[in-house]
Amino acid sequence: MKWTRLTALLVATIMLAGSGVNAEPRRKKPRIAKPLRKIHTDTIAIPDNIVFDSFDTPAEESAEAPSFAISDNADDASIMGPTLIDPETMWLFVMQRNADFPIEIAQAFYDVGQRYGIRGDVALCQSILETGWFLYTGGTAVRPEQHNYCGLGVTRKGIRGHAFKDPREGVTAQIQHLYAYASTERLPKGEGMVDPRFALVSRGVASTWHDLNGRWAANNHYGSRILKLYADLCAFSAARQ
């Protein structure tokens with residue numbers, strides 16, 4: 001009888017321990033955050049503290065230069081439209097910061113922009129932002145010999161991006177890429193495809209420069225910085241007249 005009681009007591013003790021009444025509470029496993037979704041962009045981020053996103057009017061000219069500003073609305077921010085600034089003015093505007101800037105690039109932005117109905121003068125300002133006034137400083141990934149003025153194919157650090165045979169082809173690739181974003185139409189008659197990333201764009205998804213935020217570059221101020229440069233270009237043009 002005594003052994004029977006001892007056996008029952010032992011079994012009860014074992015069952016009580018297994019039930020977890022006196023056991024320490026189990027710690028929950030730490031939750032591992034899922035990686036963020038990769039943002040598809042055509043170029044890497046343009047840093048917020050970039051130093052070449054504005055044009056400073058010389059002090060001696062600032063008093064006489066007429067003020068000019070564009071309103072931040074859909075019409076002013078549209079990618080498609082006429083190129084209003086002439087090639088010489090675009091060339092001189094960049095020359096304020098880069099004395100070696102070739103006029104043939106400015107001429108190409110004017111000609112190709114008109115051909116595609118893309119605002120070539122604003123596209124030039126996009127290139128100023130992407131290349132650092134065509135000086136290729138401040139951390140730009142592309143090099144002058146690539147004739148890549150908008151960072152096409154620079155999708156992460158360490159990647160140089162695409163290269164083109166001459167300035168006009170490089171400008172055409174950029175204009176075509178803008179055309180892919182802003183239009184659903186075919187290329188103008190007689191134009192061959194030179195943009196290697198044209199097919200990667202959802203056609204017509206971006207009608208304004210602001211729509212390129214997070215698409216062309218992983219930067220929420222990308223469009224605003226381009227348009228700020230364009231406002232400076234227009235002020236420079238007005239001062240010349």
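1. Salt bridges. The count of salt bridges is four, a salt bridge being a side-chain nitrogen of Lys or Arg within 4 Å of a carboxyl oxygen of Asp or Glu. Side chains of opposite charge can pair when their charged atoms come close. This is a predicted model, in which local features need pLDDT of at least 70 and side-chain atom pairs count only at pLDDT 80 or more, while totals for chains, interfaces and linings use all residues. Residues are numbered from 1 along each chain as its sequence is written, and side-chain values use heavy atoms, with hydrogens and water left out.

2. Glu-88 and Arg-240. One of the salt bridges joins Glu-88 to Arg-240, with 4.0 Å between the closest N and O atoms. Glu-88 sits in helix α4 (residues 87-95) and Arg-240 in helix α8, so that the pair links distant parts of the chain, 152 residues apart. Helices here are DSSP runs of H or I with at least four residues, strands are runs of E with at least two, and both are numbered from the N terminus. Glu-88 has a relative accessible area of 40% and is partly exposed; Arg-240, at 41%, is also partly exposed. The classes are buried for under 20% relative accessible area, exposed for over 50%, and partly exposed in between, using a 1.4 Å probe and protein chains only.

3. Arg-168 and Asp-111. Another salt bridge pairs Arg-168 with Asp-111, and here the closest N and O atoms are 3.7 Å apart. Because Arg-168 belongs to helix α7 (residues 167-182) and Asp-111 to helix α5 (residues 103-116), the pair ties together parts that are 57 residues apart in sequence. Arg-168 is partly exposed at 44% relative accessibility, and Asp-111 is partly exposed with a relative accessible area of 27%.

4. Arg-115 and Glu-191. In the salt bridge between Arg-115 and Glu-191, the closest N and O atoms are 3.3 Å apart. Arg-115 is in helix α5 and Glu-191 is in the loop between α7 and α8, so this pair ties together parts 76 residues apart in sequence. The relative accessible area of Arg-115 is 42%, which is partly exposed, and Glu-191 counts as partly exposed at 28% relative accessibility.

5. Packing of α5 and α7. Two packed helices are described by the angle between their axes and the distance between the axes. For α5 and α7 the angle is about 35° and the axes are 9 Å apart. Axes are lines fitted to C-alpha atoms, for helices over the stretch in contact, and angles run from 0 to 180 degrees between N-to-C directions. The crossing of α5 and α7 is right-handed; a crossing is right-handed if the near helix is turned clockwise from the far one by less than a right angle, and left-handed if anticlockwise. Contact means heavy atoms within 4.5 Å. On the α5 side the residues include Ile-105, Ala-108, Asp-111 and Val-112, and on the α7 side they include Arg-168, Val-171, Ile-175 and Tyr-179. By class, the contact of α5 with α7 holds nine nonpolar, four polar and three charged residues. Ala, Val, Leu, Ile, Met, Phe, Trp, Tyr, Cys and Pro count as nonpolar, Asp, Glu, Lys and Arg as charged, and the others, Gly among them, as polar.

6. Packing of α6 and α8. The axes of helix α6 (residues 120-131) and helix α8 (residues 222-240) come within 8 Å and cross at roughly 115°. This crossing of α6 and α8 is right-handed. Among the residues that make the contact are Val-122, Cys-125, Ile-128 and Leu-129 of α6, with Tyr-222, Ile-226, Leu-229 and Leu-233 of α8. The contact of α6 with α8 divides into ten nonpolar, one polar and three charged residues.

7. Phe-134 is not a glycine, yet has a positive phi of about 60°. Phe-134 lies in the loop between α6 and α7 and counts as buried at 6% relative accessibility. Tyr-136, also not a glycine, has a positive phi of about 60°. The loop between α6 and α7 holds Tyr-136 too, and this residue is buried at 12% relative accessibility.

8. Whole chain. The protein chain has eight helices and zero strands. Of its 241 residues, 42% count as buried. Among contacts with a separation of 6 or more, 67% come from residues 24 or more positions apart. The accessible surface of the protein chain is about 14,200 Å², and 54% of this surface belongs to carbon and sulfur atoms; accessible areas come from the Shrake-Rupley method with a 1.4 Å probe, and for residues only the protein chains shown count as cover.
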